[in-house]
Amino acid sequence: TSISSDLAEKSSNIQTPVTQQTDSHTDIPSQDDIRAQIEEDPHHTPPAMLEYAESIGGKMESAMESPQAAEELFSELTHCVLDSAGKTSVSIQALCLSDAEELKDMYPQNFNEKYSDLSEKASDEVKKLLGAVKDLE
């Protein structure tokens with residue numbers, strides 16, 4: 001299962017506003033929103049992160065059925081990982097990179113090269129966090 005799916009299972013009807021809008025893409029919770037939620041409740045996963053994971057998890061299910069949906073999602077995940085404005089948390093970026101890797105595994109002919117490029121461009125912090133998460137699995 002993906003990290004998104006695991007986080008989505010923890011989420012149940014959480015309604016949390018998010019602030020970073022990305023065209024037709026899912027709203028990406030800002031780093032500031034996540035920090036504020038952690039300060040409010042440091043013992044649980046921030047609701048904005050759970051909501052985002054749930055949304056991406058649903059799109060991953062669609063991507064399993066449709067190469068076109070997978071292309072659209074990969075584009076969204078790329079935008080998330082390469083956030084040039086620096087507003088996306090490293091945790092969310094690692095989640096996006098992990099899901100992009102899953103798409104690569106589902107459709108290697110479509111995404112091997114794109115994933116390799118994305119992984120290379122991801123920040124060292126994102127790659128380090130993703131590696132640590134994988135070590136725990």
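**View A. The largest nonpolar core of this predicted model has 28 residues.** A nonpolar core here is a set of buried Ala, Val, Leu, Ile, Met, Phe, Trp, Tyr and Cys residues joined through side-chain atoms within 4.5 Å, where buried means under 20% relative accessible area with a 1.4 Å probe, protein chains only. Look for Tyr 52, Ile 92, Leu 97 and Leu 103, which have the most contacts inside the core. Helices α3 (47–65), α4, α5, α6 and α7 (124–136) each supply at least two of its residues, and α5 gives the most, with seven. Helices are DSSP runs of H or I with at least four residues, and strands are E runs of at least two, numbered from the N terminus.

**View B. Ile 92 and its contacts.** Beyond four places in sequence, Ile 92 touches Ile 28, Pro 29, Ile 34, Met 49, Tyr 52 and Cys 80 (contact: heavy atoms within 4.5 Å).

**View C. A disulfide joins Cys 80 to Cys 96.** The S to S distance is 2.2 Å; a disulfide is a pair of cysteine sulfur atoms within 2.5 Å. Cys 80 lies in helix α4 (residues 67–81) and Cys 96 in helix α5 (residues 90–106), 16 residues apart. The torsion about the S-S bond is about 85 degrees, so the disulfide is right-handed. Both cysteines are buried.

**Notes.** Residues are numbered from 1 along each chain as its sequence is written, and side-chain values use heavy atoms, leaving out hydrogens and water. In this predicted model, local features need pLDDT of at least 70 and side-chain atom pairs count only at pLDDT 80 or more, while totals for chains, interfaces and linings use all residues.

Terms used: Buried means under 20% relative accessible area, exposed over 50%, partly exposed in between (1.4 Å probe, protein chains only).
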